[in-house]
Amino acid sequence: MKKDKILVIGACGQIGVELTLALRKMYGDGNVVASDLREEHELLKGTGPYVSLDVMNKEMLHVLVIRHNITQIYLLAAILSATGEKNPLLAWHINMASLLNVLDIAKEEGLDKIYWPSSIAVFGPDSPKRETPQHTVIEPTTIYGISKFAGERWCEYYNTRYGIDVRSLRYPGLISYKSAPGGGTTDYAVEIYHDALEEGSYKCFLKEDTYLPMMYMPDAIRATIELMEAESARIGVRSAYNLSAMSFSPKEISAAIKEHIPTFTISYEPDYRQQIADGWPQSIDDELAAKHWGWKPEFDLQKMTADMLKNLKLQKG
Ligand code: NAD
């Protein structure tokens, strides 16, 4: 067991629940403090310490870090892409202030490591659409993407200016069955599996040929942990790494589901999220993640679909 003491902020969200459970397995239940604005998630109950926290309250956060002898913070609290477009100023305020609170406390307390996720939303309509490289035109048009890009610059700044060991990944859309997604543009790829099993049909809010980069949650959790476990000298990107696993359209995920549920049907009713998706890349080049710390995804669309349907069936009884 390692001596590190970890604080996960936003532990009750889509990523937080699974990441907290994975970190507790590695570091010991008592060494991973989960925190969130919300009530403790069912799957976290009884698995380790839980603290109610608003990350916007810097003083409370600072006290918590000192009281629990925290050495690493995973900051997952954020307003996501679709929700952010409904209240841009709030999304900017929360996404920026939460990160600056954490980075500044890391500096004051000399914390060992910080993890904060970025997103493929940093790319905009003028970025190359296919195999989007790490370094390219980055002109995001959603407030979510703007806040993630600014956050990346802050991470690199705190690393070069103050030596903070901060690490980050540009996650693609994440697909999981354990906890619900939190208001992103790729949420359709989670809802579709639930509706396929419950209704036998799905009404999609994106057009059938909208390709987006996606990843199954077990790959995302493993990528996060592998990045954080890598030797500091290997982390050549201190803003955020491109990260990739698969890319598909609603039509293709629907075909993959039909292989298991032949009667499944899909219809399309694009809404405001289509415009967000149209501004994002269709696939991502993650060669630096592979080169620097050995990233390699395990799940493709077929393997993920089989696993999602199997687990959701078990869950729904
Ligand atoms: P989520 O919305 O499911 O979870 C975020 C959690 O943060 C929620 O439980 C929420 O209650 C909590 N939270 C919100 N405001 C808070 C506050 N003021 N104080 C404390 N907690 C607060 O989000 P997620 O999908 O788990 O995403 C986590 C991170 O990963 C975010 O930074 C997000 O931008 C990034 N990301 C997610 C995806 C994805 O597909 N899920 C893709 C790219 C990047």
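Which residue forms a salt bridge with Arg170, and how far apart are the closest N and O atoms? The first point answers this; the others follow the rest of the predicted model.

1. **Arg170 and Glu152.** The partner of Arg170 is Glu152, and the closest N and O atoms of the salt bridge are 2.8 Å apart. Arg170 sits in strand β8 (residues 169-171) and Glu152 in helix α5, so the bridge ties together parts 18 residues apart in sequence. Both ends are out of the solvent by the accessibility criterion: Arg170 is buried, and Glu152 is buried too.

2. **Trp116, a neighbour of Glu152.** Trp116 lies in the loop between β5 (113-115) and β6. Its relative accessible area is 3%, so Trp116 is buried, the limit being under 20%. Leaving aside residues up to four places away in sequence, Trp116 touches Leu75, Leu99, Lys148, Gly151, Glu152, Cys155, Arg167, Ser168 and Leu169. Glu152, on that list, is the residue that pairs with Arg170. Trp116 also comes within view of Leu76: the two are 40 residues apart in sequence, and their C-alpha atoms are 6.5 Å apart in space.

3. **Helix α4.** Leu99, a contact of Trp116, is among the buried residues of α4. The others include Ala91, Asn95, Met96, Ala97 and Ser98. Further along, Asn101, Val102, Leu103, Asp104, Ile105 and Ala106 are buried as well. The 22 residues of α4 (residues 88-109) should span 32 Å at 1.5 Å a residue, and the end C-alpha atoms are 32 Å apart, so the two agree. Gly110 follows α4, with a positive phi near 60 degrees.

4. **The largest nonpolar core.** This core has 39 residues. Those touching the most other members are Ile175, Tyr188, Tyr193, Phe248, Ile253 and Met304. Two or more residues each come from α6 (188-198), β10 (201-204), β11 (212-216), β13 (246-248), α8 (250-258), α9 (272-278) and α11 (301-316). Helix α6 gives the largest share, six residues. As a general matter, nonpolar side chains in soluble globular proteins tend to be buried together.

5. What does Ile175 touch, beyond residues up to four places away in sequence? Its contacts are Gln14, Ala189, Val190, Tyr193, Met214, Met215, Tyr216, Met217, Phe248, Met304 and Met308. Tyr193, Phe248 and Met304 are on this contact list and also among the core members with the most contacts. A second, separate core has 36 residues, including Ala223, Met228, Tyr241 and Ala289.

6. **Other salt bridges.** The count comes to 14. In one of them, Glu198 pairs with Lys316, with the closest N and O atoms 2.4 Å apart. Glu198 is in helix α6 and Lys316 in helix α11, so this pair links parts of the chain 118 residues apart. Lys316 is partly exposed, at 35% relative accessible area. Glu269 and Lys203 form another bridge, at 3.8 Å from N to O. Here Glu269 is in the loop between β14 (265-268) and α9, and Lys203 is in strand β10, so parts 66 residues apart in sequence are tied together. Glu269 is partly exposed at 48% relative accessibility.

7. **A nonpolar surface patch.** Trp154, Tyr157 and Tyr162 make a nonpolar surface patch of about 280 Å². Tyr157 belongs to helix α5 (residues 143-162). Tyr157 is partly exposed, with 36% relative accessibility.

8. Most residues other than glycine have a negative phi. Two residues deserve a look on this count. Asn69 has a positive phi near 50 degrees. Asn69 is in the loop between α2 (58-67) and β4 (72-75), and is exposed at 58% relative accessibility. Glu131 has a positive phi of about 50 degrees. Glu131 lies in the loop between β6 (118-119) and α5, and is partly exposed, with a relative accessible area of 45%.

Methods:
Residues are numbered from 1 along each chain as its sequence is written. This is a predicted model: local features need pLDDT of at least 70, side-chain atom pairs count only at pLDDT 80 or more; totals for chains, interfaces and linings use all residues. Side-chain values use heavy atoms; hydrogens and water are left out. Patches are made of residues with over 30% relative accessible area and no salt bridge: like charges are joined within 9 Å, nonpolar side chains (Val, Leu, Ile, Met, Phe, Trp, Tyr) within 5 Å. Accessible areas come from the Shrake-Rupley method with a 1.4 Å probe; for residues, only the protein chains shown count as cover. A salt bridge is a side-chain nitrogen of Lys or Arg within 4 Å of a carboxyl oxygen of Asp or Glu. Helices (H or I, at least four residues) and strands (E, at least two) are DSSP runs, numbered from the N terminus. Buried means under 20% relative accessible area, exposed over 50%, partly exposed in between (1.4 Å probe, protein chains only). The expected span of a helix is 1.5 Å times one less than its number of residues. A nonpolar core is a set of buried Ala, Val, Leu, Ile, Met, Phe, Trp, Tyr and Cys residues joined through side-chain atoms within 4.5 Å. Contact means heavy atoms within 4.5 Å.
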